[in-house]
Amino acid sequence: MKTTDAIYIPLENVESEHCALIVDKGLENVKEVNTHQVELNNQRAVITAKKYPEEAVQGAVKQIRDLGYDVTTIKQTFPVTDMSCASCAANTEAILNGQVGVVKAEVNYANTSAKVEYIPSLVTAQELKKAVQAGGYDLLIEDGNEAKESLNEIKANQFQKLRKKAISALILAVPLFIIGMFFMDMPYANYIMWALSTPMLLVFGRQFFVGAWKQAKHRSANMDTLVAVSTGTAYVYSVLITLFPDLMHSFGIHSHVYFEAAGIVIAFILLGKLLEEKAKGNTSSAIKKLMGLQPKHVTIVHEGGHQMQIAIGEVKVGDVLLVKPGERVAVDGTVVNGSSYVDESMISGEPIPVAKTAESTVFAGTINQKGSFQFKADKVGSDTVLAHIIKMVEDAQGSKAPVQKLVDKIASIFVPVVIAIAVLSLLLWVVFGGENGLAQGIVAFVTVLVIACPCALGLATPTAIMVGVGKGAEQGILIKDAESLELAKKVNAIILDKTGTITEGKPKVTAVEWFGEFNQLHQDVLYSIEKSSEHPLADAITEHFSSKANFLNQLSIENISGQGIEGNYENHTYFIGNELLVKERNIIIPEDAKQWTAAQLENAQTVVFFCNETSLLAIVAIADQIKATSQQAIKELQKDGIRVYMLTGDNEQTAKAVATTLGIDEYHANVLPADKGKFTKKLQQEGKVVAMVGDGINDSNALAQADVSIAMGKGSDIAMDVAKMTIISSDLSKIPDAIHLSKYTVNAIKQNLFWAFIYNVIGIPIAAGALFPINGFLLDPMWAGAAMAFSSVSVVANSLRLKWKKI
């Protein structure tokens, strides 16, 4: 695409001339954009680029979103094949980000995937595939499940091939090592080693040379380049020594051959790759477990009770399915017949089976216990809770932690820098090495290329993230991205919503006190008004009176903002609400009613007043029970040095009683939704790293503002969409667990990066011959190959330790 070509960016929610003007004005701030215009009728922005069209599109999209509007894009995760190291991931990412229409691309070497956000009218998945293929890699763009199956099949085949190559190379490596180390002077030793090493390089190690050639054609380099150049150099040098010893002597080269180094390096690297692939497979075991939770076949119950087995893919919404004892629930649904206990631990992390009767909700992947029941399918396929969990875990495992950005930059220049160091080592040896300078320079050149491997760097962060996210999912903690997992350990202030977070979120009437003579009509009026109300506490009251009162049809109601509700029946007006409603209507509260109210408030009860135009008729006490695990969870957070705050829209007395019970020093009552966001921002301005925990729509503002946002899984979908973490069981004790998991994961990342960096910082100078002037030590390429293989495996193994860590 030329810089003079018009680029059309599809817009969303630009609904007026004023909006279009704002966007058009905003595009002036994008330095990569040359000309711009917003077409309101076509809902698009038309731009031209100054130099790089892809950067102009990315800059324009960012600016449009910063202004509060959006661009029509597609977000997809594609499996990537033919990557051999972190440099490959960096190259693939650069290729994708260089395509006009790609808003953002992230490539993860650990799970071989590319997360791409692109504008479909500017670039297609097929075009992305072609671009990646041109770079020497490949992108699988089939449908989600097909792509996964293709990738799994490719990985399985590649693993089997790698296994055969590694075993074959190791078999040949044994005699090669023995001859090279102990029988160098035996007759025809060089020719025997040549014969042994040739298939090791050209057959079992062919992939490295093919990969290096592909990279060379595209003027890039990766680990294959390092392996091919190093082993190829040692091999060719050894062949020349073997075939033309006199000619080499005439050039002053008196050295033994390095067939054993070249061959054994290939064997060690193949072994390292085999162990690395096996270990990497274990990092995604959580996903495999989750995917294995859904049965392949189900029993459908037709009208008349006829039963038959069908494939899971044939289940439709509304079908009635039978679950027998010990079977897994296939899809999400509602129980219509029968009862049982269901083990939901694989989704919620809670070990105690949950009772299921008619109207109960059941989830895909959970295990039925002793009873059997029939349920109606409500959500199937990708709509089930299990499918959403799998998708969220996959996305999180493929996301990048902030620290990965630095590692990516290093990986992108790592191979060229290593090649430069190797060439410099060779030149220094030739100039200052004396009689054997060339031979020792070649050894140093080969060893530097062999020992330096970007794989350990590339695996350090993503493997720890993959294991950490998987561990969280197994414990009922869903983590949306790596950034929140990395940041959670820094949290020093946590804000808790009360209702549904600290408490059960299911208010119940605990007491009703009537003043004056009890009147059935008054009870019917109270029930009927609350039945028509949308207030959260109304359900508790209607449930309490449902069996005692009658619904009155000839009733008109009107909400009184911030106070309650007013009802009119047979020319009489009734009021239900808070104390402010009573006071503003000059209704006198008797002394005994005041005492009764005070006693309820002290016990964390919410009180609702019911009165007519002249007098108080009744007071209803409502309580929302504190969750059994809340107190211990809050104590644990405080023990970890985290300041706990409670915000609630409830009254002061109730808030104080709950806070006192739980040992929370700072709480705020009568808080509006907007105030929660402001309070979060205030704490951040004080330098605190803030986590917000909530479950309702009214918490979404604060959740969006917080550094780490945590939603309770039984709350609203909006809260869960906004939050970066979700506690499926709504158990507050999972919050400290999530923070501990963050600490362990970040520690594993730091350890991995330390060893990856220190390995290269120490290994490369030793390989170049830094110790030779001191003690005459020059590292053999063979052992450099073993060290390189060990570095990658050790990093993945360290990440896997998280799986057995108790959080």
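Visitor: Where is N571 found, and what makes it part of a loop?
Guide: N571 is found in the loop between strand 22 (564–569) and strand 23 (572–577). Helices (H or I, at least four residues) and strands (E, at least two) are DSSP runs, numbered from the N terminus. The model is predicted, so local features need pLDDT of at least 70 and side-chain atom pairs count only at pLDDT 80 or more, while totals for chains, interfaces and linings use all residues. Residues are numbered from 1 along each chain as its sequence is written, and side-chain values use heavy atoms, with hydrogens and water left out.

Visitor: Why is N571 called exposed?
Guide: Buried means under 20% relative accessible area, exposed over 50%, and partly exposed in between (1.4 Å probe, protein chains only). N571 has 73% relative accessibility, so it counts as exposed. N571 also has a positive phi of about 65° although it is not a glycine.

Visitor: What phi does N586 have, and where is N586 found?
Guide: N586 has a positive phi of about 55°, and it is not a glycine. N586 lies in the loop between helix 21 (579–584) and helix 22 (591–602). Its relative accessible area is 69%, so N586 is exposed.

Visitor: Why are C19 and C88 called buried?
Guide: C19 has 14% relative accessibility and therefore counts as buried. C88 has a relative accessible area of 0%, so C88 is buried.

Visitor: How many disulfides does a search of the whole structure find?
Guide: The search finds 0 disulfides. A disulfide is a pair of cysteine sulfur atoms within 2.5 Å.

Visitor: How do you know which strands pair with strand 26?
Guide: Two strands pair if DSSP finds at least two bridges between them. Strand 19 (residues 493–497) and strand 26 have 5 bridges, in the parallel sense. In that pairing, I495 stands opposite Y645 in strand 26. Strand 26 and strand 27 (residues 666–668) also run parallel, joined by 3 bridges. There, L647 stands opposite H668 in strand 27.

Visitor: What is the handedness of the crossover from strand 26 to strand 27?
Guide: The chain passes from strand 26 through helix 24 (residues 652–662) to strand 27, and this β-α-β crossover is right-handed. A crossover is right-handed if, with the strands pointing away from the viewer, the path from the first strand over the helix to the second runs clockwise.

Visitor: What makes a set of residues a nonpolar core, and how many residues has the largest?
Guide: A nonpolar core is a set of buried Ala, Val, Leu, Ile, Met, Phe, Trp, Tyr and Cys residues joined through side-chain atoms within 4.5 Å. The largest has 143 residues, and I494 is among those with the most contacts inside it. Helix 28 (residues 734–768) supplies the largest share of this core, 12 residues. A second, separate core of 25 residues includes V14, C19, I47 and V71.

Visitor: Which residues is I494 in contact with?
Guide: Contact means heavy atoms within 4.5 Å. Leaving aside neighbours within four places in sequence, the contacts of I494 include L637, V644, Y645 and I735.

Visitor: How many helices and strands are there in the protein chain, and what share of its residues is buried?
Guide: There are 30 helices and 30 strands in the protein chain. Buried residues make up 52% of its 807 residues.
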